[in-house]
Amino acid sequence: MKKAMIPACVMLALSLVVIVGSQTFLSPCVHEDGSFGPCHWAGRALMGLGCANGVLALLVLIFRKARFGVYMSAMPVCLMGILTPGTLIDLCHMSTMRCRMVMQPAMIILFAATGIAALLGTLSSAKE
Amino acid sequence: MSKTFSLSAKNLIRKPGRTAILALLTAFLALAVFGGSVVVLSLRSGLNSLEARLGADIILVPTEAQSKVSFQNMFLQGTTGAFYMDASALEKVTEVEGVEKAAPQTFLASLKADCCSIKIQVIGIDPEKDFTVQPWIARSLTKELGDMDVAVGCKVEANVGEIIRLYEQRCKVVARLEATGTGLDTAVYCNMDTMNALLKAAEEKGVSHKIESGSDVISAVYIKVKDGCDIDAVNSRLNGHIRKATAVRTRSMITGVSDSLAGVSRTVSGLIVAVWMLAFIILLLAFALIIQERAREFAVLRLLGSSRRMLSRMVLTESALCGLLGGIAGVGLAALLLFPFSQLIESSLRLPYLMPDAGKTLLLAAGTALLSAVMAALASVAAAYRLSRIDPGTVLREGN
Amino acid sequence: MMFKAENISKRYFRRTGSANYFYAVCPLSLEIMACGVTVLAGRSGSGKTTLLNMLAGLLAPTEGKVWLDGTDLYSLDDKSLSRLRSEKMGVVPQGRSAIDTLTVMENILLPARLYGRPEPIEAARQWMEQLGIAHLADARPAELSGGELRRMAIARALAQAPDILFADEPTGDLDDGNTHIVLSAFHDFACIQKKAVFVVSHESDAFQYADKVYRMDGGQVDIMH
């Protein structure tokens with residue numbers, strides 16, 4: 001039982017990094033004139049997806065019996081997170097831009113790691 | 001062999017904590033070796049690529065751009081720069097004794113493009129005369145650059161066939177160029193006619209680049225010196241012959257870069273050696289501790305008929321497997337940091353940085369994992385020797 | 001099978017009085033019955049385990065020879081001696097002797113696996129049944145009690161059907177019921193399979209199953225009956 005909660009804790013921690021990171025140290029490009037590029041909206045979307053994952057992780061910890069379904073539902077959210085920067089929402093067209101250099105790879109890794117945690121959670125709950 | 005191998009494998013799988021700690025130590029070792037090697041290799045190929053792209057012995061730039069610094073930054077970091085001189089400078093260059101080839105280039109910094117908040121460097125070349133950039137462009141584009149055609153560096157995210165707007169002029173992307181690891185990757189290339197049209201459009205936008213005479217302008221002349229001629233002598237002749245322009249030896253640019261590269265290489269190598277030694281010493285200690293913990297287990301194996309050689313082999317197999325596991329994990333972790341964040345590393349180093357190709361990288365990864373296995377096995381040699389020499393009778397009685 | 005020790009002794013360095021050494025086992029000769037149970041009795045510290053280790057090829061004697069079917073054990077190199085021990089001898093040591101990373105059944109089959117011999121699964125099951133640990137085949141040693149671990153070690157030695165089985169205090173941590181189960185297993189092994197069993201014990205329970213009893217005291221051996 002306790003072991004099945006570990007992935008939820010990992011998910012929660014990673015989601016917090018996504019939420020805080022997307023607005024601070026992993027934020028998209030800041031334009032000199034204050035205008036927004038598409039990467040700004042990608043950053044917002046990533047924060048939203050991070051929030052969704054965080055809530056799902058909390059749901060696992062609160063409603064332990066429903067964890068199989070909740071873990072499963074986190075996986076498509078993670079897939080969205082991986083696809084959002086660059087595929088679903090465009091980023092700046094120069095790979096030396098901050099959104100491509102920092103935000104995109106970091107977010108893909110964070111959402112992939114969250115997805116793996118969700119997958120492990122799903123598998124361990126399925127076993128029980 | 002396979003009998004002891006399966007027992008070693010079981011020991012590793014069924015003692016996950018012990019395995020994880022040993023693997024973690026070798027993972028650090030592998031992380032340092034693989035990460036460090038990739039960075040150093042990337043810097044070396046970056047330098048080679050820079051040398052190939054500079055390709056000229058001497059570059060002539062307007063005195064105002066003597067700003068060798070700004071010119072150098074264009075190559076190294078892709079910063080934009082625009083400086084002009086009269087196009088007649090090209091003819092004057094060809095008059096100088098010892099000059100074999102001379103190719104002009106014209107630079108223009110774009111206004112912010114639609115995509116990005118930064119400026120892009122536009123470089124106009126003369127495909128017939130060019131001998132530096134053209135061979136590189138030819139690898140990605142079989143025909144010549146037509147009017148209002150552009151070839152983009154690999155870091156400009158525009159696909160072939162796409163239209164990009166530069167000073168409100170519609171330019172068609174006809175090729176994306178291979179990576180060079182230099183500032184050239186963030187630039188856009190066009191022929192001289194297109195460049196003149198862009199210069200005109202820029203003029204209309206209020207971006208002045210005209211020089212007093214009002215004639216055609218160029219930004220730099222790339223010069224190749226005839227074989228056997230003294231480059232320094234040609235350089236001096238150029239400086240004496242052409243006014244308002246300065247001839248710069250490319251060697252001086254490359255020397256600067258290679259000095260920085262040597263510095264970075266030294267730091268990285270020092271770091272690799274330090275991590276290695278530390279990891280190796282900790283591994284030695286870890287194996288020494290494990291001897292204490294496992295003496296009884298090996299005494300039992302001994303009385304069940306294992307020879308000393310079998311026990312040594314078992315210890316070495318276990319540590320090598322652990323090392324391999326750690327090596328793979330370390331390489332994986334390094335890859336997770338190096339590849340997605342390569343652009344960030346390049347920007348932070350401010351040096352030409354060209355990642356090695358997939359084949360070389362895989363070879364390096366496999367070599368590192370193998371090296372980790374060998375190092376772990378070496379660290380356990382003393383432990384293996386001591387465990388194989390234990391006196392089972394004494395050890396089994398002590399445990400009671 | 002012929003097993004005998006000729007004038008073997010074990011001497012250790014220790015500065016005691018005028019001498020620089022003492023004898024853990026004084027020079028002695030003995031022969032172990034080819035089929036039957038031989039018991040070596042004696043108080044703690046009398047040198048029983050040292051003698052057993054010398055006989056089992058685990059501890060080289062200071063002097064003397066140990067013969068198994070005409071081969072001097074200590075004239076062999078480590079590889080040959082280890083192989084001989086694996087093929088012809090079974091040893092049940094004192095204390096825990098389980099490999100923690102293997103299951104009980106894997107532990108019992110280990111000697112055969114080490115040399116790639118056919119695994120005596122049937123024999124293992126039969127001895128586990130007789131010793132009352134058949135239900136623990138898939139358990140890990142950490143889940144077993146001291147008595148169960150001891151019976152596992154005995155089943156491991158018996159399952160290999162060695163020509164000679166050495167057991168050091170095999171009933172030390174067993175209750176009366178299990179003591180008799182173990183001793184009768186040794187007796188069956190010796191009588192039915194015509195093998196030799198050499199048991200070191202300080203308990204008199206072992207005597208009733210013994211065909212020959214030696215007594216050891218102060219490093220010297222006397223035959224009792």
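The radius of gyration used here is taken over C-alpha atoms, and the globule rule is 2.2 Å times the number of residues to the power 0.38. By that rule a compact globule of 400 residues would have a radius of gyration near 21 Å, but chain B has 30 Å. The structure is a predicted model, in which local features need pLDDT of at least 70, side-chain atom pairs count only at pLDDT 80 or more, and totals for chains, interfaces and linings use all residues. Residues are numbered from 1 along each chain as its sequence is written, while chains are lettered from A and ligands numbered from 1 in the order in which they are written.

The C-alpha trace of chain B spans about 100 × 45 × 30 Å along its principal axes. Chain B contains 13 helices and eleven strands, where helices (H or I, at least four residues) and strands (E, at least two) are DSSP runs numbered from the N terminus. Of its 400 residues, 47% are buried; a residue is buried if 20 or more other C-beta atoms lie within 10 Å of its own, exposed if 12 or fewer, and partly exposed in between, with C-beta atoms placed from the backbone. Two residues are in contact if their C-beta atoms, likewise placed from the backbone, lie within 7 Å. Among contacts in chain B between residues at least 6 apart in sequence, 83% join residues at least 24 apart.

Chain A has four helices and zero strands. For its 128 residues, a compact globule would have a radius of gyration near 14 Å, and the 16 Å of chain A agrees with this. The principal axes of its C-alpha trace span about 55 × 20 × 15 Å, and 47% of the residues of chain A count as buried.

The contacts between chains come next. Two pairs of chains touch, and the pair with the most contacts is that of chains B and C. Chains A and C share no contact, and their closest C-alpha atoms lie 20 Å apart.

Chain C holds an open sheet of six strands in the order β6-β7-β8-β3-β9-β10, with mixed pairing; strands pair if DSSP finds at least two bridges between them. Because β6 (89-92) and β10 (220-223) of chain C stand at the edges with a single partner strand each, one side of each is left without a neighbour in the sheet. The twist from one strand to the next averages 20°. Within this chain, β3 (residues 36-42) and β9 (residues 212-217) run parallel and are joined by five bridges. Ala41(C) stands opposite Arg215(C) in β9(C). Helix α6 (residues 176-192) of chain C packs on the sheet, touching β3, β7 (164-168) and β8 (196-201), and its direction makes about 155° with that of β8(C). Such axes are lines fitted to C-alpha atoms, for helices over the stretch in contact, and angles run from 0 to 180 degrees between N-to-C directions.

A nonpolar core is a set of buried Ala, Val, Leu, Ile, Met, Phe, Trp, Tyr and Cys residues joined through C-beta atoms within 7 Å. The largest has 125 residues, and those with the most contacts inside it are Ala155(C), Phe166(C) and Phe198(C). Helix α2 (residues 16-54) of chain B supplies the largest share of this core, 15 residues. Apart from this core lies another, of 62 residues, including Leu46(A), Met103(A) and Phe107(B).
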